[in-house]
Amino acid sequence: MSLIPSRMPASSSNNSSVAPLLVLIIYLLGMIALWTISTAASHRAPYLDGMEGLIWASSLEWGYAKHPPLPTWILYVLVELFGREVWVSFFAGQLMSAAALVFVYLFGCEITSARRALLATVMVSVTMYFSLRSTIYNHNTAQLWSIAACIWLFYRALKFDSLVNWAALGFVAALAMLTKYSALVQFAAFFLFMLVHGDLRRKSVQKGLLVGACIFLVVLLPHLLWLISHHFAPLQYADASMQSNSYSQAWQSIIAFVLDQLARLSPMVLLWGALWYWQRRKPIETLHLATDQTYAGMLNAGARQFLLWVGLSPFLLTVAISAALGTNLTASWGTTFFILFGFYAFWKLKGNDRIWLQRTLVLAVAMQLIMALAYGLARGPIAEYAGRDARSVFAGPELAGKLNAIWEQHVPNTPVPLVASDRWFGGNIALNLNRNTQVFIGANYFQSPWLDPETALNCGALVVYAPQAKGYWSPQLIALYESAGIKGEFEQHWSRSKRSPSFMVKWGIIPPGPQCGQVKN
């Protein structure tokens, strides 16, 4: 099936793609600034996954206990540039979203005009995955850009029969796998498209697939070796995440998954509804077009099939496989499934695309502003005033200040070198103490590869756990606490509000040993 885009009458009005590209850059810079500032101003602590990433960024590894390494490498660079600050995780998530939207636009330029490519890109940008939830830097958000890039390169590889594009696809596909193994779902969609449309019978495609696969394996090889040497720990974690006690429970999770995806797509649906209402109030003329076709009708048939098969398959395959195997689904696993959904408006849109784009930009900017402001208020001042135990209002600075004063009382003139605690709880303490303070996650060396088991405790450690607070207090952590020579406890409110729940903080101090000055952890 040919993927060469048809030439549309409207395209002739776009003599250059510079203007749409410039608009896109300004829009994305505004998105990054808006959401980063909104969350930085309202959140006193990172999200759970963002905190985990900041802690893992203590060292560069070929893999970590739960996931492949690329998102941590990216965060490592940002931490080196800006420091281990709370806002860095929000900024990182927005960078991933913006990069993904650039590739959505580039793909759109392959099948339609630059103006219409921008139209679809702006539409999908208001979905939760590209806006509100992209402030949550995790492996799902970090995978947005690589999956979007893979879709663009896959289309170009089929369209131009270019080994360069196949090679680039193999490289970026490996990066997608180094982000999260769920990239396999998108690759399955690619395979299904080629199988149904006969591309696999083309020798140029077979040759391209071979080249791409070789590059894919070369890039992935160090991580594969790491997996073997670490008993495939991330795969075991993934398997445990999907476990279900019964088919009934699995179906409940599937229904919840589908409903969650609808909710996270709802801002785009709302935008479509607003456009429809606007069109009823002020109809767009179609006299500038030689045809009254919809934008989708002007696309090449192969491009339309590509949008449907590659765009819908990841979601449908995931639901079908989960139903067949009886596995659980988590809502955030759908993060990369809707990248092409902005183009589905093309099946209804027709007429002057300049006016459609203007209206869409006005609505999208308004929605982004409203969502960012509402989210910042809800997660910040309102949550704190209501006394909620939201992670966003956690009294991390106050808790760290109390613990630091206790440490200085017992170990004067020595910064806290190590905090042994739950990943999020301990991370909040470390972030508010010192940039060089490391976290000993659950007193587990496998989860803390930046520590040397033989020397990690030489310079002492602050052991902290709070049985009544959110967190996983591992047996190893409690055992380490019991071994501490100095112990105590105090009561702490969740946030600065006295209305928030209080809990007991148990702390223990392992003093520095005689070898502290001899070995650097």
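Predicted model: local features only at pLDDT ≥ 70, side-chain atom pairs only at ≥ 80, totals over all residues.
Me: OK, what share of the residues is buried?
Reply: Buried residues are 55% of the 521 in the protein. Buried means under 20% relative accessible area, exposed means over 50%, and partly exposed is in between (1.4 Å probe, protein chains only).

Me: How many helices and strands are there?
Reply: The protein has 17 helices and 5 strands. Both are DSSP runs numbered from the N terminus: helices are H or I with at least four residues, strands are E with at least two.

Me: And why call it as compact as a globular protein of that length?
Reply: Its radius of gyration is 25 Å, close to the 24 Å that the globule rule gives for 521 residues, so the protein is as compact as a globular protein of that length. The radius is taken over C-alpha atoms, and the rule is 2.2 Å times the number of residues to the power 0.38. Along the principal axes, the C-alpha trace spans about 85 × 55 × 45 Å.

Me: New topic, charges. How far apart are the mean positions of the positive and negative ones?
Reply: They are 12 Å apart, counting 36 positive and 23 negative charges. Lys and Arg count as positive, Asp and Glu as negative, while His and the chain ends are not counted. Each charge is placed at NZ of Lys, CZ of Arg, CG of Asp or CD of Glu.

Me: Where does UniProt put the feature "transmembrane region"?
Reply: The unreviewed UniProt entry lists several stretches, including residues 163-196 and 208-229. UniProt positions are given in the numbering used here, feature names are shortened, and annotations may be inferred rather than shown by experiment.

Me: What do those two look like in the model?
Reply: Residues 163-196 are 85% helix and 0% strand, with the end C-alpha atoms 22 Å apart. Residues 208-229 are 100% helix and 0% strand, and there the end C-alpha atoms are 32 Å apart.

Me: Which residues does UniProt list for the domain?
Reply: The unreviewed entry gives residues 66-226 for "domain: Glycosyltransferase RgtA/B/C/D-like". That stretch is 78% helix and 0% strand, and its end C-alpha atoms are 13 Å apart.

Me: Let's zoom in. Is Phe91 buried or exposed?
Reply: Phe91 is buried, with a relative accessible area of 17%. It's in helix α4, residues 86-111. Leaving out residues up to four places away in sequence, Phe91 touches Ile32, Thr36, Leu78 and Phe82. Phe91 and Trp35 are 56 residues apart in sequence, and their C-alpha atoms are 8.0 Å apart.

Me: And Arg280, buried or exposed?
Reply: Arg280 is exposed at 60% relative accessible area. It belongs to helix α12, residues 247-281. Its C-alpha is 35 Å from that of Ile255, which is 25 residues away along the chain. Asp260 is also found in α12, and at 31% relative accessibility Asp260 counts as partly exposed.

Me: Which loop holds Trp473?
Reply: Trp473 is in the loop between β3 and α17 (475-483). It's buried at 14% relative accessibility. Its contacts beyond four places in sequence include Ser421, Phe425, Tyr465 and Pro467.

Me: Last one: what's phi for Asp161 and for Ala443?
Reply: Phi of Asp161 is near 50°, and phi of Ala443 is near 55°. Most residues other than glycine have a negative phi. Asp161 is in the loop between α7 and α8 and is partly exposed at 37%. Ala443 is in the loop between β2 and β3 and is buried at 13%.

Methods. Residues numbered from 1 in each chain as written. Heavy atoms only, no water. Contact = heavy atoms within 4.5 Å.
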